[in-house]
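Subject: Structure handover

Hello,

Here is the structure for you to look over. My notes come after it.

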Amino acid sequence: MEYGHFRDVPLEKVENAEGASIQWLIKKEDGAPNFALRRIILKEGGCSPHHSHNYEHEIYVLSGKGKAFIEEKEYPLEEGSFILIKPNLKHQIKNTGNREFVFLCIVPL
């Protein structure tokens with residue numbers, strides 16, 4: 001797929017996370033040669049796993065409020081916020097608001 005709408009993309013549960021779902025909007029199977037675009041939804045009180053990996057990812061917040069915890073630092077996130085998470089840094093994203101926290105996340109394939 002090269003064109004679509006998020007409502008048509010299956011919502012999958014994120015493993016080892018609380019109240020987290022993911023939609024793979026653009027992926028390798030769609031013909032993307034370098035990057036995947038994901039839409040992630042954290043329910044109220046939800047969070048991503050606390051983890052690290054050897055690749056970067058970029059996040060852009062669509063709605064809600066949350067925090068990014070990267071190593072020993074924390075960064076407030078809200079609609080319009082963006083953040084780069086560099087490779088090999090321990091990180092976690094948490095919903096700190098009272099509604100869904102929704103963001104786009106770009107990762108290399």
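Below are the overall picture and then some individual residues.

Ground rules come first. This is a predicted model, in which local features need pLDDT of at least 70 and side-chain atom pairs count only at pLDDT 80 or more, while totals for chains, interfaces and linings use all residues. Residues are numbered from 1 along each chain as its sequence is written, and side-chain values use heavy atoms, with hydrogens and water left out.

**Overall**

The protein chain has zero helices and nine strands. Helices (H or I, at least four residues) and strands (E, at least two) are DSSP runs, numbered from the N terminus. The order from the N terminus is β-β-β-β-β-β-β-β-β. The radius of gyration is 13 Å, close to the 13 Å from the globule rule for 109 residues, so the chain is as compact as a globular protein of that length. That radius is taken over C-alpha atoms, and the rule is 2.2 Å times the number of residues to the power 0.38. Along its principal axes, the C-alpha trace spans about 35 × 30 × 25 Å.

Of the 109 residues in the protein chain, 39% are buried. Buried means under 20% relative accessible area, exposed means over 50%, and partly exposed is in between (1.4 Å probe, protein chains only). The protein chain exposes about 7000 Å², and carbon and sulfur atoms supply 52% of that area. Accessible areas come from the Shrake-Rupley method with a 1.4 Å probe; for residues, only the protein chains shown count as cover.

Now contacts, meaning heavy atoms within 4.5 Å. Among contacts in the protein chain with a separation of 6 or more, 61% join residues 24 or more positions apart.

Charges next. There are 14 positive and 16 negative side chains in the protein chain, and the centres of the two sets lie 3 Å apart. Lys and Arg count as positive, Asp and Glu as negative; His and the chain ends are not counted. Each charge is placed at NZ of Lys, CZ of Arg, CG of Asp or CD of Glu.

**His53**

His53 sits in the loop between strand E3 (35-47) and strand E4 (57-63). His53 is buried, at 13% relative accessible area. Its side chain makes a polar contact with the side chain of His51 (3.4 Å). A polar contact is a pair of N or O atoms within 3.5 Å; within protein, one must be able to donate a hydrogen and the other to accept it, and residues adjacent in sequence count only if both atoms are side-chain atoms. A polar atom of the His53 side chain also lies 3.0 Å from the backbone oxygen of Tyr55. Leaving out residues up to four places away in sequence, His53 touches Pro87, Asn88 and His91.

**Positive phi**

Asn16 is not a glycine, yet its phi is positive, near 60 degrees. Its loop runs between strand E1 (12-13) and strand E2 (18-26). Asn16 is exposed, with a relative accessible area of 73%.

Glu71 is another non-glycine residue with a positive phi, near 55 degrees. Glu71 is in the loop between strand E5 (65-70) and strand E6 (73-78). At 41% relative accessibility, Glu71 is partly exposed.

**Sequence versus space**

Gly46 is in strand E3. Gly46 is buried, at 3% relative accessibility. Gly46 and Thr96 are 50 residues apart along the chain, and their C-alpha atoms are separated by 8.3 Å. Not counting residues up to four places away in sequence, Gly46 touches Glu18, Gly19, Ile93, Lys94 and Asn95.

Ser81 lies in the loop between E6 and strand E7 (82-85). Ser81 is buried too, at 17% relative accessibility. Ser81 and Trp24 are 57 residues apart in sequence and 21 Å apart in space, C-alpha to C-alpha. Setting aside neighbours within four places in sequence, Ser81 is in contact with Ile59, Tyr60, Val61 and Pro76.

Asp8 belongs to the segment before E1. Asp8 is exposed, at 62% relative accessibility. Asp8 and Leu25 are 17 residues apart along the chain, with 9.3 Å between their C-alpha atoms.

Regards
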